[in-house]
Structures are given as C-alpha cells and as structure tokens.
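Subject: Structure for you, with notes

Hello,

Here is the structure I promised. Please open it next to this email; my notes follow below.

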Amino acid sequence: MGSLSSLKGKLVLLKGTLEKLVEIIFAIIVGFVIAGLMMYMGGFDPIKAYAAMFETSLSLTDPYYIAMTLSFATPVMLTALTFAIGVRAGLFNIGAEGQMYMGALGAVIVASWTLPGPLYLPLAFIVGSLLAAAWGLIAGLLKVLRGVNEVVSTIMLNWIAFWIVEYARVYVYPNPIDASKTISMPPPGRLPLLIRGTELSVSFIIAIITVFIVYYLLWHMVLGYEIRATGLNPTAARYGGINPKKTMLWAFIIGGIAAGLAGVSEITGRPPSYAITTGLSNLFGYGFDGIAVSLIGANHPLGIIPAAIFIGALSAGSRGMQTTAGVPLEMVKAVQGIIVWALAMPGLIRLIRRRMIRRRGVEL
Amino acid sequence: MPRNDTIVYMKDIVKVYPDGTVALRGVDFEVKKGEIHGLLGENGAGKTTLMKILSGLLRPTSGEIYIRGRKVHFKSASEALKHGIGMVHQHLALVPAFTAYENIILGLPGKVIDRKKIEELMETTGLKIPLDAKVEDLPFGVRQRIEILKMLYRNVDILILDEPTTNLTPIETKELFETLRNLKKQGKTIIFITHKLREVLEVTDRVTVLRRGRVVGVVETSKATPEMLAKMMVGREVVFRIEKKPARPGEPVLVVKDLWVRSDLGGWAVKGVSFAVYSGEIFGIAGVEGNGQSELVEAITGLRRVEKGQVILMGRDVTNKPPSELYRMGLSHIPEDRQKLGLVLDMTVAENSVLGIHRLKKFIGKLLNMKWKNINVHAKKIIERFEIVAPGVRAPARSLSGGNQQKLVVGRELSKTPVVIVAAQPTRGLDVAATEYIRKILIKMRDEGKAVLLVSADLDEVLQLSDRVAIMYEGEFMGIAKPEELTEEQIGLMMGGYHMDQLKNTSSNRKVLEAS
Amino acid sequence: MTEELVMILDILRGTSYAMTPLILAAVGEIVAERAGIVNIGLEGIMLLSGFMAVVFAEMAMNPWIGVLAGIGMGALIGLIHGYITAYLKGDHIISGLGINLFALGTVAFGIEAVWGVRGYYTPPLEAKVPIIPGIEISPLFIVMILITIGTYYLLYKTSIGLKIRAVGENPEAADVVGVNVELTQLLSAVYGAALAGLAGAFLSIDWLAAITKELPAGRGFIALALVNFANWNPILALGGGALFGFFWTLAEWIKNMAAIKAIIPVTLMNTIPYIATIAVVAGLIGRSRPPAHVGRPYKRE
C-alpha cells in the first residue's frame, strides 16, 4: 500500500516532467523551423546550414568540435544559474551580463598584481565573484529598499558595468603590447586545458560543480528552501517565519556570484587572450544567452546542464554554419529568441492537441 | 409555481464548485415584480452563489432560470445586464481610479451617453453623488450609490444587493433603505442579501431563508419575528455531537488587551478587543465573516501590525513580534486560508510539513542543510497520525484534496508541541469525516492543557467546541459567555449587531427590538 | 554671444532628437500598460523595427516607406505579444525577454544577410528622413508631439480610452459592463509596440542614420523607466522624456569638452544616463501608481 502510493507519487512527478520536456522540445523545433524560414528568405540553404552546424558542434568525428561546444556551454551555464536562482525567488534578475563583466574585471585586477604564482587563481575567483556579487546586490537593495523593479535596474546596471569595464580596459589595465585588450592573466593564473588545441579548460568542470552546488543549495539547504518558498508563495513564506526581503537579497548575491564565476572563467580559462578584449567582445552576450539557457532548462540547475550544452552547440556550430553555408553566425541567437518566445506560450501544445482532436472528431 | 407577477424564477438550482464543494443543493427561488425580497442566511448558506448565478457570473451545475417567464442561459454578467439584471457586490465592481461619471458610462457607446439623463436619474432616485470626484476619494456609502446608479442608467430593473450595509454607517444605511423604498415605488424589483435580521425586518416585503444550500422557508416579512428568523437561519440540524469533558482551565496563556488593528483598506477592522485564553480551554470567536476576525487572528500571530494595544503570550509582551519568534515560544497557527497562507502548494508534502519549523535543530544539519531523512520521517508521521491520503511525501501539496491539505496543515501545527493553538476556520470546506476528526483533535489538545483560540464562521462548530465564546460584530465583541448560557436566538441577535447587555437587561428580547 | 547662442541651440536640437525615441516608446507602453499588458521587449522592437526601416527605406529609396515598415514590424510583434499575454494568459516578462533575444539575433543576422557587413551599416542619404529646413529638426519630432497629445486625448477624452484604462485597473468591472477585455488588451499591445517600432525607425533612418546590433543602447528599458516616472500619463512622459533627453544631450556635450575629457574619460561619462535612470526610479517610490491590474493575466471564474 505504502510503496504503491509512493509509486503513484513518482508517476505524478514523472508525468509533469515529461510534459515539460515535450513543451521544451516543441519550442526548440519551432525555433529551428522559423529560423530555417528566415534563412530561406535570406537566400541561404537552411538544411545545409543545420547540417553544417551539427557537424561542427556535436558530431563525434572530431573531439575538437565537442570540446568547443562544451567550452561555449561553460559561461552560459553559469549565467543561466543567475537567472534561475532569481526565478526561484520570484525575481527576474536579467543582470547576469553586467555581473559577469564585473567578475571578469575582478580577475583582470588580480592579473595586474604581482603575486606568487599559486595565488593568482584563488584570488581571481574570490575578487571576481565578490565584485559580481556586490553588483548583483545593488539591484537587490534597490528592489528591497526602494521598490525599484529589477528588470529596469539590472539592465541599467548592465550598461553601467559595460562602460566601467570598458573604461578600466582602456585607462586602468591596458595591455602594454596589444591595445585591443587588457592585461592578460599571467600563465600561473590560467586554468589548464582539458583538451590541448581547443578552448576547453577546467573552467567547464568548475561550472558543472557550481551547478551541482546551486542544486544542493536550492534543494538541500535551508536558504534554498526559503528561496523557493518565497518565490512560489511569498505570503505563505511570511507565515512560515521567513523574511522574503532577506531571501531576495541572498538570491541576488548568489546569482551575482554565479555570473561572476562566468566572467572569471573567461579570463582564467579561455585561450588565446586570457583578457578582456575591445568592446568586451569576448564577453558580450553570455549573460543574455544565460536567460535562454535557464528558460530552456526549465529554470532548474539540472536542466541547465543539457540546455547549456545545447546553446553551446549552437554557438560552436554557428562557425561551421558560417563557413559552409555562408549563414551569419548570429542566426543562432535568433533561434534562441524564438525558442524562448515559444516557451512563453503556455499550453500551446494543449491548444494544438485540442484542435487536432477536434479536427479528427469531424472526420469521424 | 410561478404566477403572473413573478419576475424571477429559479428552479431546482444546484451548484457544485470545481473543487467539489456543494454550495447549492436544489434551490427554488421566486421574486415578485416590484417587491423588495430579502435573502437571509449564515455564511456558506449559498446566498451569494445563488445570486451570482442569477446575475450571470457563475453558471449553475443544473437547474433552470426564468426571467419574466422566459427561460434564460446567461454566459456572462454583461448578458444578464442586458436582461435588466444587475448585482451590486460587496466589493463593488468600480474602477477606483475613475470618476463617478466615468464609471457610470464605462463600456457604453458614445451616442448613448447623456450626462443630463444621469443628473435626472439622480434627481428622481435621490441617489446624490458628485459625478466628477474620483471613486477612491469617496466614502463607501457614496461608492455604493454610484454602483446602483450605474445599474439604473443601464436600465436594470432587477437589482441585487449583496450585504450592502456591511461597510455603511447607520446614517448611510438609513439613506440606502430610503433609496430602496423609492426605487420600489418606481417599479424596480430588489433582492437584498443579508444576515442582519433588523434590516430584513425593516426594509423587505418577503424573505427567503437559506441554510446550507437549501431553502428553509419563505415568509411574508409582516408576519415574521426576529426570533423566528434567527431560528430558521441558525437552526440546528446537528450532524454529530461531540463528547467532551468539562474544561479545567488553568493559567491565562494568551492575553489580548485593547487591540486595535487596521484592515487592508486602512479603516479599523478590530476596535479595542480584549480577552484572555486560559490553558485547558477552547475560547471561540463566532460571528459573520468579515467582522474583523481575520485581522484579529493575523495581529495575534504576527502577520499584521498592531496599531494599539497588547498581545501577551505566556506573560511576555509579544506585540508586533515576527511569526518566527512566536513559533519558537510555542504558538501554532492554523490559518484560515490554507492555500494562500498555510501551504506552498507547489512544494512537496514533506517540505510543507516543516514550514515554519524548518529551522529547528531536528531538521537542519551543521552545513545549514536540510535533513531530508528526518523531515520525511516527520512528514510520514503526520500522514500516519492524521490519516492523510497522499501519493507520498514527495508529491506536491497541490495534489492532495482540500481535506487532506487541511489535515497536513493541522498536523504540522500540532507537531510543534504548542502551548497556544490559534485555529481559524479549521474545518472550512472539509467533508464530514475530516471535520469531525479535526474537531476531536482540538478537544484533545484542550484536554492536554493547551490553550485553543478558535475562530469560525460555522456557528455549530464554535458553540459545540468552545468553553467560552465571544461574538464579534464590526470589530467589537458583542459579548463573551459560555455557550450553554446562550439561546440560539440570542446568538443570532448578537451576530446581527445586538450587544449582550441589551439582551440581558430586559426580560423580553422583543422589547429591545421594538425600542431600537 | 552668438557662439553661446549656437551652443544652446545645439543642445536643444540634440535634446529634441534624444527625447523622441524615448517618448514614443514610453507613450506606446503607457497605452499597453494602461490596458494591463507589460512589454519589456521595447528594446527588441526598436532594434527590429530600426532594421526593417533601413531595409525598406533603402529598397524604395524613400524614408517614409521605411518609417511605415518600422511601425508595421512593431505592430506585428505587438500582435504576437498581445496574443500570448491577453489570450493565452502567458507570462508578460518571459514573452518580452523572448522579443529581446529574438531581435538581438535576427538583426545581427539580418545586417549580414542583407548587406554582407558585420554589425554596422549606414543607409544611403536618400533613405534618410529629411530635416525640416529652417528649424533644422526632424519631422518625426513633430509627429512624436502630435502622437503624444493624441494619445493623451485618446486615453482621457474618449470612451475607447475609458475602456483601455478600465481593463488595466479592474478587468472584472470592465467585463461586467460588456467590455471585451482580451481584445482591448491585444489592440493596446499592438498600439504600444507600433510606437516602439516608430521609435526604432527614428533611430535608424533619422537620428543615428545607421543600423547596428546595439541600436537602442538600453533606450527601450529607459522608456520603461520613463513610463514609471511619468506615472502612466503621456503628457508627463513628454516632460519627463524632454528632461531625460536634455541631460543625455548635456552629458554627451560635456563629455566631449576638452577640459572635461582630460579629467573624466568619455567611457565613464557614458554611464550617466543609466545612473540617472536608476536614481530617478529609486527616488520615485510611493509617488507613482501603476495600473492596479498590470502584468497579470485576467481569468474568469
């Protein structure tokens, strides 16, 4: 009896997860189809493009491509956590972009110091993530103390961070040899590569570990419990003796740390520059990609890993798509956008299913 | 059977809500053209549901509706409005940020709008309102007039008023009654939902009394007495009697002194209430809902600001202390809305089983990690002890039925080993078995020496369980007494706004009524 | 003397340009939010419409065709957003995020697909909206003023405006008296997005006369803040937008002064509009009041 009822419980859970999965896969298909139409209208061959994209991202013929996919999955996995933690606390923290810039800046600051070799890495991670956490905390304080909507404040903070970091790149930490970037992380402060000749470094493992830490935090620690309760039902959380404001601040701080790690890992773990480049071009967009990753991963840490690899594959494959089919590599961002948009339509599948049933009913 | 002068005829109306609650169990309701018809009953009697069906807001599960002899099926409120049926809700359907004029003309095509006609209407009905003032700046009484005027401007001739005097001052009430009589003279039909006996007697022509989704009787007001109506409204059909030993009250555990609390709208919801709950007793608060009970409970449990007065828990002043601190001192709170307050529906049964006590040493480890093993054991214990039907501790609380959700809340709150239990509407919406179960547990808690504060709109429940009972009306206690010392009529009268002193000082209640 | 006059006129002229896209987008969003629909995709709409405006203006060698294309693109996005939020009861914020992400990728792709250049394209002079001779300001500035006043009139002086505002304040009350809540919301969302589209066209074929993948540079979100600042009133948005535009222009002007440049680098001065936006919104608390039912789906029974 007991085991039967617990089995039933598991089935309920499984059904919910399956439904969500179908919804996500459907959104992904919609994304590819519409983007394919756009390519077709732009005079490209979508099938050739998608084939090339797959060949150069997930095809097992050459480990180089898989490595590139994973290396692109790394930063967006971390910035996705920022958004996901926010959503779990009932917030729309879209500030991962700026927090990631601050994290990278932190790492560059450490790179500019003269230190014993082994100290570079730990300090880069500490300074970078603290700077990013502080940046996230600003939005949190604005929200809690002044009621400023986090969507507006985090976007503004993204731009402020952009210009501050750009300023620091030009005026404070310019690279004496190469004007297009900042001081590079000295070799002792670089994360080892997992596969030589690729851009895949230990930072990927760090990202995976971070995902599991966040998972543990959200589902196995008191703070995570309180964050989730606040996000799902703030009134009940208050009844449960939880202070929703405090919880929200923590969500901003932890989200900031995750985004900061993304920035730091780009400086310590991505060849060849190990620095911030002109116009933040080697960082730009990871924060926003993270939003897509989080939404595709159902805002769940464990969903974020495959979602990040998916988006990483799109990014890696976009290069092959460009060389083979001539499609501009930004196309993949359009795919992402359409997927997110499709995900915003609740019950879209249910709607389609109902219509199909109705049509079939008429035929019968 | 409907006659020629019947304007509304509702036949065998049944309403079952999606969650399974049966609100109406086959109601026949008939209103004659040009009368003021009272619809009387306690909370949950089904008055509002019946009228929402008539005004198109709800669809009946079964039954038929005839308006002016013609059968109708309303799909929306606007459709009912086209048939001349308009309902003035307790929370008025006005846009607060709009002026009175804007509210009246909302949704009408430009060519129909005629300011002069509105002004004429104000003249003929006596409903004087400042047309260009914003609704939010106006007192409730005026807002209500705007709503009525809005209906009349749309040619409504069957006007439904849901507890219209709840938020009115005595003078405003008098004015409203004046208006209603006036409208009746002009041939309008009025249905007046209320639980206040005095008002029914004063303004209606006929009364239909509802109890638990059934019609108890229809009477001519001129032939009715307050005692008779009170008995019909409250009347016992006792499903079960609860065995309970005499109480052995000990020390005062929860003391409330001259408490003043505001409502969400800013007015006073609780006006200087004082009482004490002793260990080993159940102290009940009865009364029609919306008379300040919810705000009182929230203030005691740390969820709403106390403006004035004190809450003392076991000798310590805990006024305006956060809930977490109160819980640590031994307060258990079974909230009135389990879905909004008591549970996080999308969290699991296990997670919900520790809400509010999740920071206890038993449940968290050194790393501030949740000890799921202990929590699961805790949840399973509650499931076993309270016979909760759940697909498992990891199923979301949402997947439980209403009764089992409530048992989960009750089980969690009692697992705290409390000193004081505040239980608000603990059996609302539950089936008979679950209801009986929870009531027995409250008695058991009392016998174990806990102090229980019970707030319930279910009169049977309060009277059967409580050792002492207070009747609350408009933020004040009308009296505190032992239930067995009160007659049904007396309780009905107090719920309707009579103070206990008024009742006791005279030998005959009838005299008081005549005097007032 | 004349030099100073020229300087002042310069700043005022700059203000007239800087304020136009902000106010257009904000006024449109005010209508949408008055009806209860939040669209945080203004930034994306400006970007997409800016792109479409260049494409069509160049194709027809007529800027006004471009302006219409920008408006049309915005309206189309608004239609989809409105359908998702009003009819499917979807999440307003996620749909808005979708718009922004979609725009970011599509425009970067489009620039390369259409012109074969990366990230930046300048349309030919013939595709650019001409300046009104004599006063040397954009005709779209005048259009913006007219639209703002017209929208104010629509919202506050017509029965349609009454319906729009009622739906955002208390959809139930509107529903009871027979207002079609969903349709009102959909049309308001379309109107709002169309104006954001016009703002995008203004950026790409008028003021900046270029299309880049960061064309709006946060203006869509500043417009959101402006909606708040203006307390959901188009006329106040006009004033607020002028203020935002003035300080933006002033900052642009100051940061390029040699004396200032030596002390504070341009890059740092670029943060000013964003800091100012935050400061303004943070200072507003309690003074502005959003429509009571904004951003929430309306469901019956």
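In chain B, β1(B) is joined to strand β4 (residues 62–67) by 5 bridges, and the two run antiparallel. Strands here are DSSP runs of E with at least two residues, helices are runs of H or I with at least four residues, and both are numbered from the N terminus. Two strands pair if DSSP finds at least two bridges between them. Strand β1 (residues 6–16) of chain B also pairs with strand β2 (residues 22–32) of chain B, antiparallel over 8 bridges. Look at Tyr9(B). Its bridge partner in β4(B) is Tyr66(B). In β2(B), Tyr9(B) stands opposite Glu30(B).

Some ground rules. This is a predicted model: local features need pLDDT of at least 70, side-chain atom pairs count only at pLDDT 80 or more, and totals for chains, interfaces and linings use all residues. Residues are numbered from 1 along each chain as its sequence is written, and chains are lettered from A and ligands numbered from 1 in the order in which they are written.

Chain B as a whole

Chain B has 19 helices and 20 strands. Its C-alpha atoms fill a box of roughly 75 × 55 × 45 Å along the principal axes.

Of the 516 residues of chain B, 48% count as buried. Buried means that 20 or more other C-beta atoms lie within 10 Å of the residue's own; exposed means 12 or fewer, partly exposed is in between, and C-beta atoms are placed from the backbone.

Domains of chain B

The assignment, which is automatic or from a database, gives domain 1 (6–234), domain 2 (243–324 + 421–429 + 448–516) and domain 3 (331–417). The C-alpha centres of domains 1 and 2 of chain B lie 30 Å apart. Their contact takes 14 residues from domain 1 and 16 residues from domain 2. Residues are in contact if their C-beta atoms, placed from the backbone, lie within 7 Å. On the domain 1 side, α7 (197–203) and α8 (226–234) of chain B give two or more residues. α8(B) gives the most, with 6 residues.

Chain-to-chain contacts

Chain C puts 38 residues in contact with 40 residues of chain A. On the chain C side, α4 (92–115), α9 (219–229), α12 (266–269) and α13 (272–283) give two or more residues. α4(C) gives the most, with 16 residues. By class, that side has 25 nonpolar, 10 polar and 3 charged residues. Nonpolar covers Ala, Val, Leu, Ile, Met, Phe, Trp, Tyr, Cys and Pro; charged covers Asp, Glu, Lys and Arg; the others, Gly among them, are polar.

Chain B has 27 residues in contact with 21 residues of chain A. Here α10 (323–328) and α11 (338–342) of chain B each supply at least two residues of the chain B side. That side divides into 15 nonpolar, 7 polar and 5 charged residues.

The core

The largest nonpolar core has 384 residues. Such a core is a set of buried Ala, Val, Leu, Ile, Met, Phe, Trp, Tyr and Cys residues joined through C-beta atoms within 7 Å. Among the residues with the most contacts inside it are Met77(A) and Ile471(B).

Best wishes

Note on methods. Contact = placed C-beta atoms within 7 Å.
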